[in-house]
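The entries follow in the order in which I made them.

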Amino acid sequence: MSKHPMQFVPSADFKERARGALDDDKLRKSFRGAMDFLQAKRRNQFSDEEERESLRDLGSAIRKYALANLPDLLEQLERKLTANGIQVHWAETAAEANAIVLDIMQRNAARRMIKGKSMASEEIELNHYLGEHGMECVESDMGEYIVQLAGEKPSHIVMPAIHKNKADVAKLFEEHIPDTPYTEDVDELIQTGRRALRQRFMEADVGLSGVNFAVAETGTLWLIENEGNGRLSTTVPPVHVAIMGMEKVVAKLDHVVPLVSLLTRSATGQAVTTYFNLISSPRRPGELDGPREVHLVLLDNGRSQAYADEQLRSTLQCIRCGACMNHCPVYGRIGGHAYGTTYPGPIGKILSPHLLGLDEAGDLPFASTLCGACSEVCPVRIPIPDLLIRLRNEAKRNPNETVATPLRGQGAKHSAAERVVWQFWSGAFKSPKAWAALRWGATRLRAFTPGAQAGWTQHRTPLKPAPRSLHDLLKDKGQPE
Amino acid sequence: MQTRTYPPKPSNVYLFGTCLIDLFVPQAGMDAVRLMEREGVSVHFPQDQSCCGQPAYTSGDAEAARKVARAQMDLFKQDWPIVVPSGSCGGMMHEHWPKLFAGDPVYGPKAVALAVRVFELAEFIVNVLRPDYSRARAEPCKVALHTSCSARREMGTRGHGLSLLASLPGVEVVEHVRESECCGFGGTFSLRHPDISGAIVRDKVDSIAGTGCQRFITADCGCMLNISTAAQHRGVGVAGTHMASFVCERLAGESA
């Protein structure tokens with residue numbers, strides 16, 4: 001097994017990993033408990049339905065407005081940040097983003113990086129890349145730290161170690177942190193982690209963070225967190241590098257307020273987080289603290305593909321609260337790792353095909369009952385089921401078909417056999433005569449209904465047609481047409 | 001889902017029977033007819049109907065879905081309401097047909113015009129027919145209610161189902177744990193991902209069984225068949241009854 005067992009897993013093995021997760025009772029209990037807890041917390045935050053719905057309308061409108069003006073806002077953001085002394089870098093791919101961060105470290109003769117929480121850095125596999133170039137990265141968000149010690153990837157975008165229980169953490173700390181006896185006392189575990197990390201903040205040459213929102217009109221980076229590790233990562237080391245997906249820009253400072261309210265209430269059921277950091281420049285002359293240099297890496301990595309399509313663009317409205325995961329019947333049963341992608345759950349199913357291509361992630365849009373629990377709680381009203389259906393069509397599309405702007409990996413899940421099934425199906429159901437014949441056969445020959453029905457009978461008794469169809473019964477009754 | 005305005009009680013309606021009811025639960029269709037006829041409405045059933053196209057639509061074959069949907073769209077020539085005894089099929093016709101035919105110069109406007117005429121059965125009974133069930137059987141009976149997710153979200157069927165059950169004397173609806181959670185059916189999802197689907201429906205069966213009710217009522221045959229056959233597979237005594245059949249059953253002893 002590689003040093004990073006959860007890294008570079010192909011999302012194509014989704015079914016197999018899902019099966020493994022379903023068989024893991026401990027894992028399922030962890031997720032069920034966490035989902036119930038988080039759902040209840042969110043519910044309590046939104047007890048006023050009218051307020052919730054109008055806030056969601058507002059959040060959705062703000063994000064749509066930002067996306068409608070994305071190129072202009074990004075240019076404005078770059079201008080403002082630059083004027084504020086923050087250096088802006090554009091990365092079209094994960095490789096470019098990694099190289100930019102490495103270059104910043106090398107120019108500063110840096111070796112050690114302390115990381116606040118950043119899913120964008122997970123997406124580009126930054127730790128792995130920097131590790132290969134002799135750099136040492138330490139995650140400072142407690143969940144991320146636990147996951148890093150375990151050599152895994154986050155299983156949730158907001159609560160990365162949600163799949164771990166107290167005993168798992170106790171074992172990891174005992175094994176990896178010197179002089180740490182095994183204990184399942186949560187307060188003690190947190191103190192242990194805190195002590196171990198405190199040292200790392202002081203030693204770090206570079207701090208890396210994500211960004212929740214970047215404000216174009218003022219050139220401000222918003223960072224929301226609960227542990228204070230984000231503030232330490234962005235203020236103690238002499239260099240701060242922030243990395244964000246290019247869609248996270250918003251037009252005005254005022255626009256952030258409702259989004260923050262939606263984000264914290266939807267994510268963890270908190271009215272507000274313990275910390276939020278507004279970063280608008282490096283240390284100014286005369287100031288006693290703060291980094292000497294601040295950089296922002298703006299990451300595309302497939303996002304412009306979603307942006308280019310009017311319907312798929314709404315994917316980029318996401319503010320990464322994770323509520324869709326917390327309410328998803330599939331995610332709640334299989335957990336985050338089964339997806340094999342940085343972003344799991346419903347948002348992962350609609351975002352990963354752009355980041356990785358439909359050839360790599362094309363199975364994921366099919367792993368949904370389309371129940372709509374995700375879009376019902378989405379704070380910015382992303383119509384996730386509609387996007388899943390659209391991506392299913394694109395994944396199944398005949399590869400020989402030419403379309404104006406094909407998606408990466410389009411047609412990768414095309415199956416001639418399945419196409420034949422649907423052709424037969426549509427042939428039968430579009431012709432009243434064919435459907436009548438099929439009904440006749442199914443009802444009159446019901447004694448011969450197969451006892452094993454692909455997939456269905458693994459967990460259910462077989463479906464058996466009735467002796468007479470509704471068509472027949474109503475004809476007998478003389479029902480008018 | 002938007003708040004709908006409802007028409008006054010009509011003299012005629014169309015019934016769209018759905019393919020699942022047609023083949024597997026035809027009695028639910030018969031009972032739907034009976035409930036509407038009881039209110040003096042003439043129910044028309046165009047014999048050329050088949051399926052709303054949902055299976056192909058959700059499986060990523062929009063073209064196959066369009067072929068089947070198109071074949072239904074010219075069957076309902078009079079301007080009467082189209083009543084569907086299945087929330088998810090109703091949702092397909094009400095919500096998704098207009099999307100499926102967006103940009104089609106002929107079927108696009110047709111889909112939009114049809115969509116406003118489509119009602120789920122319980123919705124139609126509660127808001128349009130407004131029957132008086134006060135003389136139905138009164139002996140106490142506890143049931144659980146399961147509403148299809150897409151139907152609940154697209155057609156508001158949970159509220160309609162509860163209202164309809166509340167209008168029946170003696171019927172008590174017992175809420176089960178995580179009532180609003182999906183039953184794991186999801187059309188072809190149940191075949192494509194049998195393991196995940198099986199795990200979800202197992203929890204749903206346990207949750208309904210946990211109420212002590214052996215019976216759940218639903219207006220969606222996909223969910224009903226999924227939950228009932230999964231319970232049967234494990235030998236758990238939980239079985240579903242279609243809303244229309246349940247209401248008919250309660251009306252059976254009705255004094256004339």
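I took contact to mean heavy atoms within 4.5 Å. I note at the outset that this is a predicted model.

**Entry 1: A:Arg28**

I first located A:Arg28 in helix H2 of chain A, which spans residues 25-45. I then asked with which residues A:Arg28 is in contact, leaving aside its neighbours within four places in sequence. In chain A I found A:Ala21, A:Leu22 and A:Arg333, and in chain B I found B:Ala199 and B:Asp203. I also checked the accessibility: A:Arg28 counts as buried because its relative accessibility is 18%, and the cut-off for buried is under 20%.

**Entry 2: a salt bridge between the chains**

The side chains of A:Arg333 and B:Asp203 form a salt bridge, with an N to O distance of 2.7 Å. For chain A and chain B I recorded a count of eleven salt bridges. I also recorded 31 residue pairs in polar contact across this interface, with both residues at pLDDT 80 or more.

**Entry 3: the side of chain A**

Which helix gives the most to the side of chain A that touches chain B? I found that H20(A) does, with seven residues. Several helices of chain A each supply at least two residues to that side, among them H2, helix H15 (331-334) and helix H20 (416-430). I sorted the residues of this side into 27 nonpolar, 14 polar and 20 charged.

**Entry 4: extent of the interface**

I noted that the contact takes 61 residues from chain A and 70 residues from chain B. The area buried between the two chains came to about 5800 Å², and carbon and sulfur atoms give 61% of that area. I then looked up which three residues supply more than any other three of the area that chain A buries against chain B: they are A:Arg460, A:Leu470 and A:Glu481, with 12%.

**Entry 5: two arginines with positive phi**

I looked up A:Arg320, whose phi is near 60°, a positive value in a residue other than glycine. A:Arg320 lies in the loop between helix H13 (303-308) and helix H14 (323-326) of chain A. With a relative accessibility of 11%, A:Arg320 counts as buried.

In chain B I looked up B:Arg178, which is not a glycine but has a positive phi of about 55°. I placed B:Arg178 in the loop between strand E6 (171-173) and helix H10 (189-192). Is B:Arg178 buried or partly exposed? At a relative accessible area of 32%, B:Arg178 is partly exposed.

Notes: Residues are numbered from 1 along each chain as its sequence is written. Chains are lettered from A and ligands numbered from 1 in the order in which they are written. Side-chain values use heavy atoms; hydrogens and water are left out. Helices (H or I, at least four residues) and strands (E, at least two) are DSSP runs, numbered from the N terminus. Buried means under 20% relative accessible area, exposed over 50%, partly exposed in between (1.4 Å probe, protein chains only). Buried area is the accessible area (1.4 Å probe) that two parts lose on being put together, summed over both. A salt bridge is a side-chain nitrogen of Lys or Arg within 4 Å of a carboxyl oxygen of Asp or Glu. A polar contact is a pair of N or O atoms within 3.5 Å; within protein, one must be able to donate a hydrogen and the other to accept it, and residues adjacent in sequence count only if both atoms are side-chain atoms. Ala, Val, Leu, Ile, Met, Phe, Trp, Tyr, Cys and Pro count as nonpolar, Asp, Glu, Lys and Arg as charged, and the others, Gly among them, as polar.
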